[in-house]
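This briefing is meant for a reader who is meeting the structure for the first time. Please keep the sequence and the model in view while going through the points below.

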Amino acid sequence: MAVGSFFTSFDLSAFINALILGISIASIWLIAALGLTIIYGAAGVINMAHGEFIMLGAYSSYMLQSFLGFPFVLCVPASFLIVALVGLVLERGLIRYLYKRPLDTLLATFGVSLVLMQGVRLIFGSDPKYLAVPSIFSSNIQFSFVNISVFRVVVLLVTLGIVAGLWALFYRTRFGVQVRAVMQDKEMAASFGVNADRVYMLTFALGAGLAGVAGSLFGVLNIVLPTMGASYVVQAFLVVVVGGGTLAGSVAAGGATGELQSIFAYFTNDTFARFLLFVLIVVFLRIRPQGLFAPSAKRR
């Protein structure tokens with residue numbers, strides 16, 4: 001395409017709408033990535049079942065809507081509780097026996113992901129499901145030539161609320177002090193009376209619950225399938241790796257990757273945009289392998 005024809009075909013309003021779309025996409029990726037960040041940061045577990053936790057969040061909302069008649073605004077917090085409970089059971093029944101054995105944990109959580117996927121397929125079938133939202137969420141807000149979906153604004157507000165809540169939890173509460181102490185030196189924290197086993201259990205449940213929230217929101221934007229978690233968890237892992245495994249890094253990386261993919265998709269297409277984004281991430285990690293914000297202290 002010639003340079004002149006490119007600028008002639010450039011649509012400013014469509015480009016700004018693409019940027020807004022990128023913010024909403026990045027918001028949900030960030031919620032999913034925060035769950036991974038918390039689980040890995042606190043317990044050092046690379047959870048390969050995180051994508052299936054996202055899927056469970058979507059199916060939890062579908063089940064609550066279809067069988068119990070819950071409105072969507074209640075399905076989101078309910079999905080958090082349901083998936084957090086699943087994460088709690090998984091941590092108590094399996095993961096707690098595998099700490100400090102990263103390869104075994106990796107294989108175990110991968111096996112759990114297959115079990116969860118097949119279990120949902122047996123219960124709900126393989127046909128796509130859909131989540132309904134209130135009509136007000138389906139409307140748009142018009143600002144001059146910018147058209148914003150109300151639901152995407154809600155997603156952004158939910159994400160900001162979650163980030164603020166997590167920041168307050170980890171930096172303004174006794175529990176947060178305990179989590180950061182366990183992250184830096186488990187044995188020293190235990191000598192001061194911190195129950196590391198309890199910290200691991202609660203942080204794993206919290207990370208799983210956040211994945212459930214992300215799944216509930218993803219379920220509105222896309223169809224709900226037993227295999228839906230696989231694609232989303234890749235993006236979440238990228239956000240965690242680029243961010244350096246920290247809360248601030250995940251926020252920055254989530255916003256950057258979401259916006260870049262949206263911009264690339266505007267000029268090309270969604271598939272090629274993902275390719276370009278992955279190439280940029282590989283180059284970035286080659287230059288700065290520790291990510292945007294490396295943890296201040298190494299785990300002991």
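**The core and its surroundings**

F53 touches N47, V83, V86, G87, L90, L116, F204, A208, A211 and G212, when residues up to four places away in sequence are not counted, and contact here means heavy atoms within 4.5 Å. The model is a predicted one, in which local features need pLDDT of at least 70 and side-chain atom pairs count only at pLDDT 80 or more, while totals for chains, interfaces and linings use all residues. Residues are numbered from 1 along each chain as its sequence is written, and side-chain values use heavy atoms, with hydrogens and water left out.

- The largest nonpolar core has 69 residues, and those that touch the most other members are L34, F53, L166, L217 and F218. A nonpolar core is a set of buried Ala, Val, Leu, Ile, Met, Phe, Trp, Tyr and Cys residues joined through side-chain atoms within 4.5 Å, where buried means under 20% relative accessible area, exposed means over 50%, and partly exposed lies in between, with a 1.4 Å probe and protein chains only.

Helices (H or I, at least four residues) and strands (E, at least two) are DSSP runs, numbered from the N terminus. Axes are lines fitted to C-alpha atoms, for helices over the stretch in contact, and angles run from 0 to 180 degrees between N-to-C directions.

- Helix α6 (residues 150-171) and α9 have axes that come within 11 Å and cross at roughly 175 degrees. That angle makes α6 roughly antiparallel to α9, since angles over 145 degrees count as roughly antiparallel, under 35 as roughly parallel, 65 to 115 as roughly perpendicular and the rest as oblique.
- On the α6 side this contact is made by F151, R152, V155, I162, L166, L169 and F170, and on the α9 side by L206, L210, V213, L217, V220 and L221. These residues divide into 12 nonpolar, no polar and 1 charged, with Ala, Val, Leu, Ile, Met, Phe, Trp, Tyr, Cys and Pro counted as nonpolar, Asp, Glu, Lys and Arg as charged, and the others, Gly among them, as polar.
- Helix α7 (residues 174-184) and helix α9 (residues 196-221) have axes that come within 10 Å and cross at roughly 105 degrees, and the two helices are therefore roughly perpendicular to each other.
- The residues that make this contact are F175, Q178, V179 and V182 of α7, together with A196, R198, V199, Y200, L202 and T203 of α9, and they divide into 7 nonpolar, 2 polar and 1 charged.
- Q178, which has its place in helix α7, counts as buried at 15% relative accessibility. Leaving aside neighbours within four places in sequence, Q178 is in contact with V194, R198 and V199.

**Aromatic pairs**

Rings of Phe, Tyr and Trp (its six-membered ring) pair if their centres lie within 6.5 Å, and planes under 30 degrees apart count as stacked, over 60 as edge-to-face and the rest as tilted.

- By this rule there are 8 aromatic pairs. One of them is the edge-to-face pair of Y62 and F67, at 6.5 Å centre to centre with 85 degrees between the planes.
- Y62 counts as buried at 16% relative accessibility, whereas F67, with a relative accessible area of 58%, is exposed.
- F272 and F275 form a tilted pair, at 5.6 Å centre to centre with 35 degrees between the planes. Both residues lie in helix α12 (residues 270-287), 3 residues apart, which is about one turn of the helix.
- F272 is partly exposed, with a relative accessible area of 37%, and F275 also counts as partly exposed, at 46%.
- Y59, Y62, F67 and F124 form one aromatic cluster.

**Individual residues**

- E91, placed in helix α4 (residues 72-93), is buried with a relative accessible area of 0%. Apart from neighbours within four places in sequence, E91 is in contact with R96, Y99, Y200, M201 and F204.
- L106 is found in helix α5 (residues 102-124) and is partly exposed, with a relative accessible area of 30%. Neighbours within four places in sequence aside, L106 is in contact with I46 and M48.
- A132 is found in the loop between α5 and β1 (140-143) and is partly exposed, with a relative accessible area of 47%. Not counting residues up to four places away in sequence, A132 touches Q65 and F72.
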